[in-house]
Amino acid sequence: MKRIVVYCGAATGNNPIYITATKKLASWLVEHNLELIYGGGGVGLMGILSDQVLAKGGQIHGVTTKQLVSQGAESPRLRELSDLTVTDNMSARKAEMMNLSNGCIALPGGIGTLEEITQAFSWARLGDNPNPCVFYNVNGYYDSLAKMFDQMATEGFLSAADRKKVLFSDSLDEIYAFMTTYVPPKIRQY
Ligand code: AMP
């Protein structure tokens, strides 16, 4: 594993626990020599994550869109210090983020974060994303989503084998073990 895409909120959330966890994840990436691939934003948890990775001397590759740049959403520090890819649209951006990375982690976030990590896992099941997908389940933030995934399996909309191919965990050690031993799911047959 060399590069990890991290999806996270463009807001920080109300509880400082999310900022603390974001800094912890940033330090973990740098300690494990993992380059951060992320949305290029300078706001919310994205800004905290990128600032902390840079402060610890890590590498960052931001991937954003022309539209977000025109709105001034990318991190000004990132422009100076690291790589920034600007794509034509969000679809190209999500594909590029996945292509550049060897694993996908979602910190707490909103709809954008949920969309990105869910697409990454959905694509894993189609054979279009060979990389592990993980929800960093800080403060039990994703507990209800984990239950929903369990229900998909119970109700026959997600195989039990594929349910095991996505991890919800608040332990970075467990996340590292899962990611480094991951075998992609069998490609879906219909
Ligand atoms: P949300 O979880 O709804 O706050 O959206 C965050 C996710 O959407 C991030 O992982 C980004 O990929 C993307 N995103 C939303 N706002 C921005 C922004 N200002 N700059 C870059 N990416 C953003």
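Let's start with helix α6, residues 111–126. Helix α6 gives the most to the shell around the ligand, with four residues. Keep in mind that this is a predicted model.

Now the whole shell. How many residues surround the ligand? There are 17. The closest are A10, R93, G110, T113 and E116. Sort the shell by class, and you get eight nonpolar residues, seven polar ones and two charged ones.

Where does the ligand sit? In the largest pocket.

G110 uses its backbone: a polar backbone atom lies 2.7 Å from an oxygen atom of the ligand. T113 uses its side chain: an N or O atom there is 2.6 Å from a ligand oxygen. E116 also brings a side chain, with a polar atom 2.4 Å from an oxygen atom of the ligand. How much of the ligand gets covered? Taken alone, the ligand exposes 490 Å², and the protein buries 83% of that.

Side chains of opposite charge can pair when their charged atoms come close. How many salt bridges does the structure hold? Five. One of them joins the side chains of D88 and K66, at 2.7 Å from N to O. Look at where the two partners lie. D88 is in the loop between β4 (83–87) and α5 (90–100), while K66 is in helix α3, residues 66–70, so the pair ties together parts that are 22 residues apart in sequence.

Key
Residues numbered from 1 in each chain as written. Predicted model: local features only at pLDDT ≥ 70, side-chain atom pairs only at ≥ 80, totals over all residues. Heavy atoms only, no water. Near = heavy atom within 4 Å. Polar contact = N/O pair within 3.5 Å; in protein donor to acceptor, adjacent residues only side chain to side chain. Areas by Shrake-Rupley, 256 points an atom, 1.4 Å probe, with all protein chains shown as cover. 1 Å grid on protein atoms, 1.4 Å probe; cavity = no way out; pocket = protein on both sides within 12 Å on 5 of 7 lines; lining within 4 Å. Sits in = over half its atoms within 2 Å of the grid points. Helix = DSSP H or I, 4+ residues; strand = E, 2+ residues; numbered from the N terminus. Nonpolar A, V, L, I, M, F, W, Y, C, P; charged D, E, K, R; others polar. Salt bridge = Lys/Arg side-chain N within 4 Å of Asp/Glu carboxyl O.
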